[in-house]
6 protein chains.
Amino acid sequence: MTNLHGDEAHPAHIGLPTYLHLPYARDAQELKESGADVAILGAPVDMGVVARPGARFGPRAIREASYFTASRAPLYHLGLDLNPLDHVKVVDFGDANCPPSSLELSHEAVRQKVTEALGAGTIPVILGGDHSITLPSATAVAEHYGIGNVGIVHFDAHADTGHSGSGGVLISHGSPMRRLIESGAVPGKNFIQLGLRGYWPPKETFVWMQEQGMRWHLMSEFESRGFEPVLRDAIAEALDGPDYLYLSVDIDVADPGFAPGTGTPEPGGLTSGELLQAVRRIVSSDVTLVAMDVVEVAPPYDGPGQITAQLAHRVVMEAISGLAKKRADAGE
Amino acid sequence: MTNLHGDEAHPAHIGLPTYLHLPYARDAQELKESGADVAILGAPVDMGVVARPGARFGPRAIREASYFTASRAPLYHLGLDLNPLDHVKVVDFGDANCPPSSLELSHEAVRQKVTEALGAGTIPVILGGDHSITLPSATAVAEHYGIGNVGIVHFDAHADTGHSGSGGVLISHGSPMRRLIESGAVPGKNFIQLGLRGYWPPKETFVWMQEQGMRWHLMSEFESRGFEPVLRDAIAEALDGPDYLYLSVDIDVADPGFAPGTGTPEPGGLTSGELLQAVRRIVSSDVTLVAMDVVEVAPPYDGPGQITAQLAHRVVMEAISGLAKKRADAGE
Amino acid sequence: MTNLHGDEAHPAHIGLPTYLHLPYARDAQELKESGADVAILGAPVDMGVVARPGARFGPRAIREASYFTASRAPLYHLGLDLNPLDHVKVVDFGDANCPPSSLELSHEAVRQKVTEALGAGTIPVILGGDHSITLPSATAVAEHYGIGNVGIVHFDAHADTGHSGSGGVLISHGSPMRRLIESGAVPGKNFIQLGLRGYWPPKETFVWMQEQGMRWHLMSEFESRGFEPVLRDAIAEALDGPDYLYLSVDIDVADPGFAPGTGTPEPGGLTSGELLQAVRRIVSSDVTLVAMDVVEVAPPYDGPGQITAQLAHRVVMEAISGLAKKRADAGE
Amino acid sequence: MTNLHGDEAHPAHIGLPTYLHLPYARDAQELKESGADVAILGAPVDMGVVARPGARFGPRAIREASYFTASRAPLYHLGLDLNPLDHVKVVDFGDANCPPSSLELSHEAVRQKVTEALGAGTIPVILGGDHSITLPSATAVAEHYGIGNVGIVHFDAHADTGHSGSGGVLISHGSPMRRLIESGAVPGKNFIQLGLRGYWPPKETFVWMQEQGMRWHLMSEFESRGFEPVLRDAIAEALDGPDYLYLSVDIDVADPGFAPGTGTPEPGGLTSGELLQAVRRIVSSDVTLVAMDVVEVAPPYDGPGQITAQLAHRVVMEAISGLAKKRADAGE
Amino acid sequence: MTNLHGDEAHPAHIGLPTYLHLPYARDAQELKESGADVAILGAPVDMGVVARPGARFGPRAIREASYFTASRAPLYHLGLDLNPLDHVKVVDFGDANCPPSSLELSHEAVRQKVTEALGAGTIPVILGGDHSITLPSATAVAEHYGIGNVGIVHFDAHADTGHSGSGGVLISHGSPMRRLIESGAVPGKNFIQLGLRGYWPPKETFVWMQEQGMRWHLMSEFESRGFEPVLRDAIAEALDGPDYLYLSVDIDVADPGFAPGTGTPEPGGLTSGELLQAVRRIVSSDVTLVAMDVVEVAPPYDGPGQITAQLAHRVVMEAISGLAKKRADAGE
Amino acid sequence: MTNLHGDEAHPAHIGLPTYLHLPYARDAQELKESGADVAILGAPVDMGVVARPGARFGPRAIREASYFTASRAPLYHLGLDLNPLDHVKVVDFGDANCPPSSLELSHEAVRQKVTEALGAGTIPVILGGDHSITLPSATAVAEHYGIGNVGIVHFDAHADTGHSGSGGVLISHGSPMRRLIESGAVPGKNFIQLGLRGYWPPKETFVWMQEQGMRWHLMSEFESRGFEPVLRDAIAEALDGPDYLYLSVDIDVADPGFAPGTGTPEPGGLTSGELLQAVRRIVSSDVTLVAMDVVEVAPPYDGPGQITAQLAHRVVMEAISGLAKKRADAGE
């Protein structure tokens, strides 16, 4: 593990942009030796998108979005009254080396990188990249923790369970969840979707989803039932069988007002505050989070304020903080 | 009617950008023969604006905003559980040919295009353009359905009932509603405004509005009374006499956070979710919608995410979906 | 006092951009003779920022943001049913002449300009600039009204009470509130912070804050207790001793969705509507507002819609309107 | 005449943005009393554009573009070895109060403002605005100096001599030069165009131009013959009869790489250096410049660097410097 | 063939954006019947890019870039003194239906579309898309006109002759020219490259290029020898054997100052004027142009002025004009 | 020295953005052991700017600008026919840790970092940052190589020799060259400026410059005499006495069309091609380059194409290539 920033405090715009300016593990060996609990890793892929590409720049933008760093001052979560890094050791594990122009090779690179992070005993937090990367990523996690033993809570405006895209293309950001269920990596009944809205996918896809036992909670359900009951249900449903939880956050679950920098924005979504609370709530509850991804941040559409990258960065922070809270409560 | 896209599915960025990649009617004859229920048509005018021009690019931007198209997969409204296009036939009727530099001729072109759409038996959905186009558009509708027989529900941050602008200019986006009432096209008491806020128009204008019997519901009334009662009142007031409803949505009724790409943004407005729900709620209730406009989308101020155009696109979708819901419920 | 715009109405983009196109006071003498109640003045400084600079352009952007002006039509506050300018005389007092490259000299210029505005019998409304300017500004106010006799209500995502920044720098936008308390200008117990959230400052800073008797209300407290009780507490706490109120609004208290154009955006904040209501609520309550600042608007990050500058402009408008409401109620 | 900036030096982003932070004349009387040689005045109009509007924001953007001001340090023209302001007194005369939504009233306001500037004995330098404003502006100049006694040198990618626009509209930015010749204000043979290129206007328009005796020099002629001979010819042709020269610079004569922020960019144009030299060359030669305009700067299309506004600002500076050079050489 | 715009003149922002608002051929049959000489068709593909994606939006942006249209007024090429459309019939043939996420299927769609255009007797002008599309496009042309019987003049900053990309990927925008030569579609010695500069490809690739007999002219050769001799050589070399010419223009051959909206900008390139002249010069000389592509316009990086799309549009215009010139000279 | 990227090739957007993805030296010791010839280091400072800040983000933007990396393929300079990295070992030495809000401490950090790079036997290439950093940087170089023994060739639109800024501020980006001469670090007569133009500094400053024996070559001299003679003179003048050369390139020496992303753009400058050639020409001539800076890249003003950062990146590449050429010619 390599501390690239020396002992002095650095503002975020100075030095190499590892996540929070935390130490960097160049390979699986370094990661393992670091004793890290969480490995931040990028999946710079966007060949899976149907509409606006650019998510390949997501990992770097998310790392660079924050104005605070671990090196400048001790972090302190105002709501939870703790420094998350006191309880959770986080290391930057770099990016999967995804070859442009090949979605297949890129997925293979992601699968391998996530496998390495798992092998090093960490919880991988994957920064996308388009949502197609959940296919290799969750596959790697399921292979590590046992096929069928991992449930997924999936925040998204879209179900991403399409059979295929234009031209019959099977691998894209419109279909990863279907591929995961078809392969058996994740049981349909433990694949729980939150925040769906809009006009896609078609009815027939929802029929298929129902046949797989998938469960979903539309954006409107949050409004009618309130957040807490829906989140509670989602957790119970995801872990109705499996021991482990994978959390997948497509940033477009947030309303475009809060997350304009994404490929397929869908008006009518969560506020940033709701999303952050939901993530913290889930991670800090009685679940075993084994991996997480935050995807579909597309910086070219984010405007000069780069608020989508900021939000994605805080989604990761809240997950880390949720983990920290549980450990702190457990005296760790 | 011309299907410009062939039988194959097309992603939204491929081919000519008709609305949802739906068929295109080049003239009134084609529109009539198409049997369309709804005609989408653009009113690319922005000479009426007081502040930031650019709404002339609104119609094209709204058509191009969507990442989904009718040609790529069957649409499916997740909340309403139907494909709106199974119940409502929608055709793109192109743009009114509005000559730049002449607001008068542009208005004449809009009036004529809307008249043609009405003559073809469709519900015209007009994509603005600045709000001055509601003057020719609603005039055409009132002439078609009977002067005094059309009520208007008008979402906006601004009343647009000014007497005149700088220099005594009578026709602009600050005064169309006054002209409509003065001409008698729409009865004052059936002109209902929703979402007003801010510092304009002056008191004397509100006095005039009151004298006309106009009724309005400030943004703060939504907050104090809740959405449902206000919407119910608005519908009842608009149709207190008239048989037909015209819905006019100025995108600046939404908060600038959700709709930055507009000429005169006014902080403190609706969320995107609230606006979409309100439109669907009104259209799917027991009213006879005969026309609708969505105006004041100004792409040069929208940023690279173009979220304002996206929101306007969904406003149209929710109206179509509301129509579809009623028809589906009626077994049509 | 100089009326730069003549008698004719002007749209906002025409003529010199004084605030609302109101008269301009070139110096303290003119300001005094104008009989102004409120003096708008800019503090174009951004050398205090840790992250993204650009707030030096804030004062001009805020003045230019509005599409309405006092010269074009009488203003009318729809919610309060009055023209705020009928009750409160507002004059533009220009900018403090802040030399770039010297934060010290810039602060001195701000302190002097605010002192002049106070000496002319006005309530200065300072348009930042970064938040470091609250140090000279509030110092000037405390010196004018009596050290210890001014309480501060401070809206912000960040406490700005850091001991020092990188390299031990004492003066920046991360520490002004600490300097104010250390100097004794403002009593710790009357320094009330609203909207704090995120991961900064560190725990030790909060310990120091507590030792000073400072009181704060996290963003989450708004959510759990509701707005009204928290605002009521904040006012009571700020004026628990002092006679006078200083209101400081860091625009980043709003969520980045509503205020992307700022240096250190923190997701999970207030909506624009909430912020505007809170400001009006505080100012129109039974307090003696003696000064106000609106800071951290950084136009280069605001995107083409410039919605952050718009929001800041309305924050000032709501404060003026709140003052007007009180005077109107008192028959003034 | 009002000095708005006091005696202290001000950086350009501080204080009210008069041109170079020079004194401001609120009306014709003040202008006259100031003894100004040159009056800078804005014509914030863009209803004449066929394509991308936004030039109404040109005058303010041009004034704000410069990083240097007369108040911060004595200006010094490095190439000419003089301070242009030592030889030419420049005053900011504000903007014509052009009512949005009426091109006719806007033109009337421009005509009147230019007439006032001429009446005060100044050389008006008009900041556009779209090119339609040359119609009222040059008309006012011709009326002042004698119909037929003013020649025009006109830099532009486009001839702007269209008969009419879409819908038969006679007044727009595509036709002002035709109107000027038709009205007799400027003799066709003394209307000289430089930099024309592209695909417009149609052949028939060039036939008409030829019939009027108009003379033009295509962009390609600069390349084949070199700059100096073409400029020499242009000056001779413009003043072949008239005593006075009006210089009209459409910023789109520059290549879009140097001037992206304009309504109808045409690739293949002048470099910024060529344009600046040409303007200085013409003004400093043996001509009597009586008025000048710089038009078609449309800030919404200029990007964050605002380089088009910068270039337009320097075009004005070079004209002033050319005047200064002549006076300096003459011992004035 | 379908005229989508009626008989009235339309400004460019009104109506469906076919190229120049020319008629639209929905399929090969319509194209053939139209008697078109030139078919404009889009290849909306960008999965081949190594760096910044976005060229999938190129075809639409190029069509929308122009402020002039054939429908608004007769076009007139000022330099050539003709209306190019009087001599060359141009029809818009729409876009190849390229499925996102599959570069292979996208290439197949391009190949087929180009083949159809050739079969209809037209000169296809392909709007990219990334440069990988020259592989299917030029293959289709070679298959139509005879393998080995087509030479290519290729303007580009980059040779695009890489063996493979990261991960050994063979198909990308870095290698199409190599694939074309390897397949035998185009003889190496007739593949002529112009404008190369920078630091790529590596030496070994140039060795391979030399072995194939490829010839290239660095950007610096234009500077040292002048344009005319280099262009003359390039034409002679390309047609040293073959009868037919394919012209491929990567917009990044222009300097980033003139073409910022591209994926891999390389400073030190052609001016817009040089590029336009070179294209006209080549096409109007004694060659038989059978196809052309203009690629690598990536609108998300183009800024609000969209000058890169404008330049690409004019590159097409100059080619059409060059064809027209030859025909006019031949009395056609 | 740390290779952060492993052995595999990486596209530029993947992994940590060291310069060209070259190895990283965390401290002076690592740098020394690396045997580097050139050390790339950032000076992320912009408190010295008078106008638009943002250059603190320059070092990161320049590193990220390139689409090619040393790790993806061997670099190859097409004009010089060599891989510059075969002859010159380049290492990324990170950034000086410049505390925001203190220009003094920032300068101290730069001075120290440059001193370390020199102590490690490298040629430091400093990425600015505003131009004020040439003061600490060139001071460190002069101290290392002998006061008076270093000449400077300085490309810039501005002389940067002001006595002081607003408020009498002595240290800013307007005065570093004066401070360097006043301190004696660099002899006035060996301080050679190239590309000056515009309206600043004032005459009196040029008088002072002349008194110091400074020599300068205006932009217009390039045009009148041609590049080669002026460059030859500049080199001779800079080394008329000193043994060593420091090259300082303010990116605003390029025209704003090629470098919009800078704080004080001045139209009428160099093309990108001219700048690149000039740098290569100087470095590859018979001089001993001991340090170089490239300053004033301000990414917030650069637009989405980020062409200014690209140009600055290539300026560094050309310097490295010039060094390599000399070594290659010398058989090294």
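Predicted model: local features only at pLDDT ≥ 70, side-chain atom pairs only at ≥ 80, totals over all residues.
**Chain E against chain D**

Let's start with the pairing of chains E and D. Chain E brings 29 residues to the contact, and chain D brings 30 residues. Together the two chains bury about 2,400 Å², with 63% of that area on carbon and sulfur atoms. On the chain E side, three residues stand out: E:Tyr67, E:Tyr76 and E:Leu78 supply 31% of the area that chain E buries against chain D, more than any other three residues.

The rule finds two salt bridges across the interface of chain E and chain D. One of them pairs E:Arg314 with D:Glu266, and their closest N and O atoms are 2.8 Å apart.

Which elements give two or more residues to the side of chain E that touches chain D? They are α10 (272-284) and α11 (307-329) of chain E. Of the elements, α11(E) gives the most to that side, with seven residues. Sorted by class, the side of chain E that touches chain D has 14 nonpolar, 11 polar and four charged residues.

**Chain A against chain F**

Now for the pairing of chains A and F. Here chain A and chain F each put in their share of the contact, with 27 residues from chain A and 27 residues from chain F. The area buried between these two chains is about 2,400 Å², and 55% of it lies on carbon and sulfur atoms. In chain A, the residues that lose the most area to chain F are A:His13, A:Arg60 and A:Asn97, which together make up 30% of what that side buries.

A:Arg60 turns up again in a salt bridge: its side chain meets that of F:Glu64 at 4.0 Å, N to O. The rule finds one salt bridge across the interface of chain A and chain F. It also finds eight residue pairs in polar contact there, both residues being at pLDDT 80 or more. The side of chain A that touches chain F divides into 13 nonpolar, eight polar and six charged residues.

| Chain pair | Salt bridge | N to O distance |
|---|---|---|
| Chain E and chain D | E:Arg314 with D:Glu266 | 2.8 Å |
| Chain A and chain F | A:Arg60 with F:Glu64 | 4.0 Å |

Chain A and chain D do not touch, and their nearest C-alpha atoms are 10 Å apart. Chain B and chain F make no contact either, with their closest C-alpha atoms 10 Å apart.

**A serine in chain E**

E:Ser285 sits in the loop between α10 and β8 (289-295) of chain E. With a relative accessible area of 14%, E:Ser285 falls under 20% and so counts as buried. Its side chain reaches the backbone oxygen of E:Ile282 at 2.6 Å. Leaving aside residues up to four places away in sequence, E:Ser285 touches E:Ile235 and E:Lys326.

**Cysteines**

How many disulfides does a search of the whole structure find? Over all chains, the search finds zero disulfides. A:Cys98 counts as buried because its relative accessibility is 1%. D:Cys98 is buried as well, with a relative accessible area of 1%.

Key. Residues numbered from 1 in each chain as written. Chains lettered and ligands numbered in written order. Heavy atoms only, no water. Contact = heavy atoms within 4.5 Å. Buried area = accessible area lost by both parts, 1.4 Å probe. Helix = DSSP H or I, 4+ residues; strand = E, 2+ residues; numbered from the N terminus. Nonpolar A, V, L, I, M, F, W, Y, C, P; charged D, E, K, R; others polar. Disulfide = S-S within 2.5 Å. Buried < 20%, exposed > 50% of the residue type's maximum accessible area, 1.4 Å probe, protein only. Polar contact = N/O pair within 3.5 Å; in protein donor to acceptor, adjacent residues only side chain to side chain.
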